[in-house]
Amino acid sequence: MSATPRIADYAINEQFINRWSPRAFTAEPISEETLLSFLEAARWAPSANNSQPWRFLYARRDTPNWERYLNLLVPANRSWAQQASALVVVISKTTYAAPGATEERPALWHTFDTGSAWGHLALQASISGWHTHGMAGFDQELARQELKVPEGYVLHAMVAIGKLGDKSSLNEALQAREVPSPRKPLSELAAEGDFSL
Ligand SMILES: Cc1cc2nc3c(=O)[nH]c(=O)nc-3n(C[C@H](O)[C@H](O)[C@H](O)COP(=O)(O)O)c2cc1C
């Protein structure tokens, strides 16, 4: 049975609509092996020239890195993400050396590729019974400094990962938002032939 009330316009694997981004988490620990299995799924994403520009930094709760990572989030995100089990920073490398070349050149599709990798991560977590929640709300400059991310790499987002908790742990405003969201109809997003959207 589908875990969400979402309905697809066309037949798809239910995993795509079962994945959603809650804010109520149980604050339970996650093993490194489990977390690495989600990053393993990300590793198998496609990328231009197989350049694999994605990079991931992570902290698991109850470890020395946890508070450092939590402090990178804007307060609104920190308020609920502190109940998550892991935080991942999604980064990409902006240059790459083509196969057989030694010189680096701009990796023009590094953002496209890394978005795909995060999608794999989120789906694998969902398949494994966990939830993810992507967050743009974090201090990019602080994260770069704090986590020693060198030039030539872009920080995109942080991801909270956890087991679904009871929404009573959230304030009223967030409780009201704790439902899987709908989508625009596919007819507004895709057209055959010329652009008519
Ligand atoms: C790149 C990115 C940044 C996001 N930033 C935030 C954020 O800072 N805070 C938040 O609560 N949700 C954030 N979200 C969650 C989105 O609002 C959510 O994915 C979207 O509404 C679709 O809902 P669903 O993931 O439950 O399907 C972000 C999602 C993505 C992919």
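The dialogue below concerns the reading of a predicted model.

Q: What conventions apply to this model?
A: In this predicted model, local features need pLDDT of at least 70 and side-chain atom pairs count only at pLDDT 80 or more, whereas totals for chains, interfaces and linings use all residues. Residues are numbered from 1 along each chain as its sequence is written, and side-chain values use heavy atoms, with hydrogens and water left out.

Q: How many helices and strands does the protein chain have?
A: Helices (H or I, at least four residues) and strands (E, at least two) are DSSP runs, numbered from the N terminus. The protein chain has 7 helices and 6 strands, in the sequence pattern α-α-β-α-α-β-β-β-α-β-α-β-α.

Q: What radius of gyration does the protein chain have?
A: The radius is taken over C-alpha atoms, and the globule rule is 2.2 Å times the number of residues to the power 0.38. For 197 residues a compact globule would have a value near 16 Å, and the 18 Å of the protein chain agrees with this. The C-alpha trace spans about 55 × 50 × 30 Å along its principal axes.

Q: Is Asn77 buried or exposed?
A: Buried means under 20% relative accessible area, exposed over 50%, and partly exposed in between (1.4 Å probe, protein chains only). Asn77, in helix 4 (residues 75-81), is buried at 13%.

Q: Which residues does Asn77 touch?
A: Contact means heavy atoms within 4.5 Å. Not counting residues up to four places away in sequence, Asn77 touches Met135 and Gly137. A polar atom of the Asn77 side chain lies 3.0 Å from the backbone oxygen of Gly137.

Key:
A polar contact is a pair of N or O atoms within 3.5 Å; within protein, one must be able to donate a hydrogen and the other to accept it, and residues adjacent in sequence count only if both atoms are side-chain atoms.
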